Amino acid sequence: MISRRTEMKKLRIILALACSFGACAHAAAQAKAAPRAAGTVFRDCPDCPEMVVIPAGSFTMGSSAEEKSWAASHGGSMDAVADEAPQHQVSLASFALGKYDVTRGEYAAFARETRYPAGDGCGRGRAMSKYEKDPKSTWENPGFKQTDRDPVVCVSWQDAKAYVAWLNEKSGHAGAYRLPSESEWEYAARAGTTSKFWWGDDVNGAPSHAWFRANSGVTGCEGLFCAGGQTHPVGAKPANAFGLYDMAGNVWQWTEDCYDNSYAPAPADGRANEAPSSDPQAKDGQGNCLRVDRGGSWMFPAWLLRPATRERNPAEYRNDIMGFRVARSLP
């Protein structure tokens, strides 16, 4: 009978021979590419943002007639929520999303290393026309004090794309980092819920779950726009069920998608809509598609904190209520 010690010795010899033919490297590569479990938090490099693995799944995107009526009666209008339709099913593969909005400190690391320019100004307060910028306002000086843990603001869709390109190079995962698609964003924001807000249907829960007009120090509001107010450090409010912070409020977040005023042509598999709309109102002054942003902000009222809320702006638009978070494709 062969002893246990002899069996183990033979096994070590077999493994050594396998390694000599490259099997160890193959096994290591397979282990490295093994799927991460949903909810796993990881960071690909010291300057990279923390990412959360979002589970694969399906959800109903958009808002119901009842939710639209509620929003219209709580500060919105039926016209303002008409683009949250038609409701449709979307099925998504697992992906990773930033645990937080990209912070001022994270963006500063990118800007220092690449010498990326701050741009030609940023909209502030009531000066929020889609084409109007204060040349003295930048992500480094948005008009209010920020810590390195506040979400970066005054970044355009183009700026966000430049940051993503840097992340891909920095992390060694070419093409993995990107902006989330609009459907990925809404799926992640809902985190398995079907209510008006990720915390439920009660708008009175907003102050406990999000930074918005009522708790961000704004003054002198006229319509959607106010004087005063500011961002707050990320993670100060509770996370949703997927472990994501500030998916409602603090700053609007860019997505990859071209805006269309209907979901009729939208992909049903989680991909971004890259097809420019035939509607002239969905394009900028040069005929380029407007880009979708989501989530509400520190300046805006509670009805805009719903996961179904959609906004759009030109790709070069910068404002002190506008930030972003990144997505990452998984093996």
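This report describes a sheet, a helix lying across it and the nonpolar cores of a predicted model.

## The sheet

Four strands make up an open sheet with mixed pairing, and their order across it is S11-S10-S9-S12.

Strands S9 (residues 252–258) and S10 (residues 291–294) run antiparallel and are joined by 3 bridges. Cys258 has Arg291 in S10 as its bridge partner. Strands of a sheet pair through backbone hydrogen bonds, in either a parallel or an antiparallel manner.

## The helix across the sheet

Helix H6, residues 157–171, lies across both S9 and S10. The helix runs at about 85 degrees to S9.

## The largest nonpolar core

The largest nonpolar core contains 55 residues. Those with the most contacts inside this core are Tyr107, Tyr163, Trp254, Leu305, Phe324 and Val326. Two or more residues each come from strand S2 (51–54), helix H3 (65–72), helix H5 (104–114), H6 and S9. The greatest contribution is that of H6, which gives 6 residues.

With neighbours within four places in sequence left aside, Leu305 is in contact with the aromatic residues Phe197, Trp199 and Phe212, among others. The list also includes Ala206, Ala210 and Ala248, together with Gly249 and Gly295.

## A separate core

Another core, of 18 residues, lies apart from the largest one. Val52, Val90, Ala191 and Ala327 are among its residues.

Key
Residues are numbered from 1 along each chain as its sequence is written. This is a predicted model: local features need pLDDT of at least 70, side-chain atom pairs count only at pLDDT 80 or more; totals for chains, interfaces and linings use all residues. Side-chain values use heavy atoms; hydrogens and water are left out. Two strands pair if DSSP finds at least two bridges between them. Contact means heavy atoms within 4.5 Å. Axes are lines fitted to C-alpha atoms, for helices over the stretch in contact, and angles run from 0 to 180 degrees between N-to-C directions. A nonpolar core is a set of buried Ala, Val, Leu, Ile, Met, Phe, Trp, Tyr and Cys residues joined through side-chain atoms within 4.5 Å. Buried means under 20% relative accessible area, exposed over 50%, partly exposed in between (1.4 Å probe, protein chains only).
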